[in-house]
Amino acid sequence: MDFFTDHYNYWVVIFLMMVGLYTVISRGNLIKKVIGLNIFQVSVFFLYISIGTVEGGAAPIITEGVELYSNPLPHVLILTAIVVGVATTALALALVVRIKESYDTIEEDEIHELDHTL
Amino acid sequence: MKPNLILHVVSKFLIPLIILFALYVQFHGDFGPGGGFQAGVIFSAALILYALVFGLDAAEKIIPSHLLRILASLGLLIYAGVGVVALLLGANYLDYTVLGSNQIAGQHLGILLVELGVGITVAAVMLIIYFAFAGRGRE
Amino acid sequence: MIDILINITLLAFLAITSVAIVRLTNLFATIMLFGIFSLLSAGLFVVMDAPDVAFTEAAVGAGISTVLMLATLALTKGQKKSHEEDYEEKPSRAHRPWLPLAVVGITGAALVYGTWDIPGFGDPDAPAQTHVARYYIENAMPETGVPNIVTAVLASYRGFDTLGEVAVVFTAGVAVLLLIGGKRPKSSTSLKGDGGQDET
């Protein structure tokens with residue numbers, strides 16, 4: 001049981017990561033691909049926060065009478081990564097909009113066909 | 001879009017509260033959870049809600065897009081400027097200790113200014129991105 | 001103990017939601033589920049003692065990125081009259097599921113094998129907890145006078161890092177403006193590569 005609770009977080013993180021990777025490589029729709037990338041990204045966030053968690057620790061805000069805190073460093077890294085992540089997602093979505101305007105489709109297969117017939 | 005009475009009344013009630021909360025998160029970030037990144041995103045969420053309910057034109061009257069471009073650069077400039085000021089006062093880049101009379105005061109002022117810069121840039125960039133997407137669909 | 005139980009339940013919810021996101025073909029429903037996925041993540045971050053991260057994830061993931069994806073969907077849907085078909089993802093012809101499944105399965109198995117050596121979840125003696133983190137927790141308050149260690153590390157100890165992150169956010173905003181700022185060009189269906197000339 002201890003072995004299970006020790007590693008459960010990491011297994012779910014790996015599962016989410018693989019779901020994201022699968023979405024990116026197996027789906028042809030570009031919006032779906034962006035969502036897959038986002039799931040992959042969130043799984044990395046969980047990996048960092050899981051590593052930073054200390055059993056019985058408190059949130060890293062200094063309070064009187066609390067001795068044990070969680071590791072603040074992963075929180076800092078992930079906090080900024082989330083905001084940078086949404087900015088880059090917006091960039092990807094902007095590219096999708098431009099692709100739609102030039103090719104009139106966002107399905108990968110149809111874009112390939114159009115490229116070959118040009 | 002047809003005007004919806006419930007949406008209008010509820011959002012008019014909620015938007016000031018969301019903005020107030022964003023300011024609280026911004027300036028109370030030293031003591032509780034919060035800071036520039038969160039406050040910027042919450043602030044922009046309030047204005048995006050306004051744009052969704054009342055239309056993009058009404059939202060652009062509140063914050064015109066050229067002002068947003070200035071604000072986005074201004075936030076980054078404040079951040080980098082704090083570093084340059086520290087440099088001119090004889091310390092390392094982004095070492096806030098020299099900004100105040102003692103170490104604690106200097107660090108406090110530096111963190112406050114830097115978080116303000118972060119908040120302004122994040123809020124402005126999120127609004128720029130939303131306005132770009134929403135404006136693209138306008139004929 | 002209750003922490004662990006909530007943790008396990010929420011992570012199971014997350015896994016189920018992610019599978020539903022992959023299997024659904026209606027893009028509108030997918031985006032809504034992604035919003036739920038982000039909200040669940042925010043809850044989990046609170047359970048794992050990271051209120052700052054939870055804050056950001058709730059505002060960004062469930063708020064802004066969902067709105068942006070919906071805006072993209074509205075801009076890219078087809079011109080068909082019926083609303084139902086607009087949001088359907090077309091079945092892919094070139095993509096067979098077996099090869100991606102094999103790739104994902106092998107990669108996942110290798111990663112799970114790697115977890116055998118990771119220190120257990122919540123272990124206070126893990127290497128991540130004993131080096132620089134201990135310094136921050138002990139010295140952040142006396143050195144900066146800011147009780148929130150995350151803010152102290154973000155703005156003071158790692159200020160240079162954060163300056164870079166803000167620059168990245170700014171650059172992404174500029175790039176979005178360059179790509180889709182301005183009005184749509186008049187001949188929007190042309191294929192002959194005049195895409196780069198409209199005003200930006």
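Contacts, helices and burial in a predicted model

User: How many residues of chain C are in contact with chain A?

Analyst: In this predicted model, 96 residues of chain C are in contact with 84 residues of chain A. Contact here means heavy atoms within 4.5 Å.

User: What makes up the area buried between chain C and chain A?

Analyst: That area is about 8300 Å², and carbon and sulfur atoms give 74% of it.

User: What is the secondary structure of chain C?

Analyst: Chain C has nine helices and zero strands. Along the sequence this reads α-α-α-α-α-α-α-α-α.

User: How does the span of helix α5 of chain C compare with the expected one?

Analyst: Helix α5 of chain C covers residues 98-115, which is 18 residues. The expected span takes 1.5 Å times one less than the number of residues. For α5(C) that gives 26 Å, and the helix reaches 26 Å from its first C-alpha to its last, close to the expected value.

User: Which residues of α5(C) are buried, and why are they said to be on the same side?

Analyst: C:Pro100, C:Val104, C:Gly108 and C:Thr115 are buried. They cover an arc of only 55 degrees around the axis, and therefore they are on the same side of α5(C). In general, an α-helix has 3.6 residues a turn, so residues three or four places apart point the same way.

User: What covers that buried side, and which residues are on the face turned away from it?

Analyst: The cover of the buried residues of α5(C) includes α1 (2-26) of chain A. The face turned away carries the exposed residues C:Trp98, C:Leu99, C:Ile106 and C:Tyr113.

User: Why is B:Leu74 called partly exposed?

Analyst: B:Leu74 has a relative accessible area of 38%. Buried needs under 20% and exposed over 50%, so B:Leu74, at 38%, is partly exposed. B:Leu74 sits in helix α4 (residues 65-88) of chain B.

User: How far is B:Leu74 from B:Asn4?

Analyst: The two are 70 residues apart in sequence and 37 Å apart in space, C-alpha to C-alpha.

User: Where are the domains of chain C?

Analyst: The domain assignment gives domain 1 (1-77) and domain 2 (127-183). Their centres, taken over C-alpha atoms, are separated by 23 Å.

Conventions: Residues are numbered from 1 along each chain as its sequence is written. Chains are lettered from A and ligands numbered from 1 in the order in which they are written. This is a predicted model: local features need pLDDT of at least 70, side-chain atom pairs count only at pLDDT 80 or more; totals for chains, interfaces and linings use all residues. Side-chain values use heavy atoms; hydrogens and water are left out. Helices (H or I, at least four residues) and strands (E, at least two) are DSSP runs, numbered from the N terminus. Buried means under 20% relative accessible area, exposed over 50%, partly exposed in between (1.4 Å probe, protein chains only). The arc is that of the directions from the helix axis to the C-beta atoms. Domain bounds come from an automatic or database domain assignment. Buried area is the accessible area (1.4 Å probe) that two parts lose on being put together, summed over both.
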